[in-house]
Amino acid sequence: MAQQDEEAVISPTGWVAEQARLYEGSGGTKGAGVQGVPCLLLDYRGRRTGQLRRTVLIYGRDGDDYLIVASNGGADEHPLWYRNLVAQPDVRLRVGTEERFAARAETLSPEEKARVWPGLVELFPLYAEYQTKTDRDIPVVRLSRTRD
């Protein structure tokens, strides 16, 4: 996926960029949550540019795997990071103070989503509201650790 020394381009969204810098700069001791909900750093490849990019996302757990929600605040379009994951599912994660590690992204099937969705809404209740704001089905993505 990424060279260890390859620098990721941080999201251009102001608060996301600020949180990503705080998270990374503190070694995961700061910025690892929002509104009391845990966040991870996701490094992924741009599908058009090939550039390594970084964003901060709320996550849930399913066993050893991490779950992220492509809510885009309930917008009618998928977030850009999600479209990039569909095109290139090999990613790197930083979760808290753990060293960055390789993972593979997979969109959950409708059945799998139905199983985990209630827990994700419990974790971050705005997800339910976001789903009511759009006709698109909001994808849930499983991030499974792989070997580097």
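Arg54 sits in strand 4 (helices, H or I of at least four residues, and strands, E of at least two, are DSSP runs numbered from the N terminus). With 6% relative accessibility, Arg54 counts as buried (buried is under 20% relative accessible area, exposed over 50%, partly exposed in between, with a 1.4 Å probe and protein chains only). Leaving out neighbours within four places in sequence, the contacts of Arg54 include Val9, Ile10, Glu24, Leu41, Asp43 and Arg100 (contact means heavy atoms within 4.5 Å).

A word on the source: this is a predicted model, where local features need pLDDT of at least 70 and side-chain atom pairs count only at pLDDT 80 or more, while totals for chains, interfaces and linings use all residues. Residues are numbered from 1 along each chain as its sequence is written, and side-chain values use heavy atoms, with hydrogens and water left out.

Now for helix 1. Its buried residues are Val16, Ala17, Gln19, Ala20 and Tyr23. Seen down the axis of helix 1, these buried residues fall within an arc of 165 degrees, so they line one face of the helix (the arc is that of the directions from the helix axis to the C-beta atoms). The background is simple: an α-helix has 3.6 residues a turn, so residues three or four places apart point the same way. On the other side of helix 1, Trp15, Glu18, Arg21 and Gly25 are exposed. The cover over the buried residues of helix 1 includes strand 1 (9–10), strand 2 (33–34), strand 3 (37–45), strand 4 (52–58) and strand 7 (90–95). Just past the end of helix 1, Gly27 has a positive phi of about 70 degrees.

Strand 7 is mostly covered too, with 5 of its 6 residues buried. It pairs with strand 3 in the antiparallel sense over 4 bridges (strands pair if DSSP finds at least two bridges between them), and Arg94 of strand 7 is the bridge partner of Leu41. Strand 7 also pairs with strand 8 (residues 101–107), antiparallel and over 4 bridges; here Ala103 of strand 8 partners Val91. Strands 7 and 8 make a hairpin with 5 residues between them, and Gly96 in the turn shows a positive phi of about 60 degrees.

What about helix 3? Lys113, Val116, Trp117, Leu120 and Val121 are buried there, and the buried residues of helix 3 pack against strand 5 (60–62), strand 6 (65–69), helix 4 (126–132) and strand 9 (140–145). A kink of about 40 degrees lies at Val116, shortly before Pro118 (the bend at a residue is the angle between axes fitted to the seven residues ending there and the seven starting there).

On to the rings: the structure holds 7 aromatic pairs (rings of Phe, Tyr and Trp, the last by its six-membered ring, pair if their centres lie within 6.5 Å; planes under 30 degrees apart count as stacked, over 60 as edge-to-face and the rest as tilted). Two of them are tabulated here.

| Pair | Centres apart | Angle of planes | Kind |
|---|---|---|---|
| Tyr59 and Tyr66 | 5.4 Å | 75 degrees | edge-to-face |
| Phe124 and Tyr130 | 6.4 Å | 55 degrees | tilted |

Tyr59 and Tyr66 are both buried, and Phe124 and Tyr130 are buried as well. Trp117, Phe124, Tyr127 and Tyr130 form one aromatic cluster, and Trp117 is among the buried residues of helix 3.
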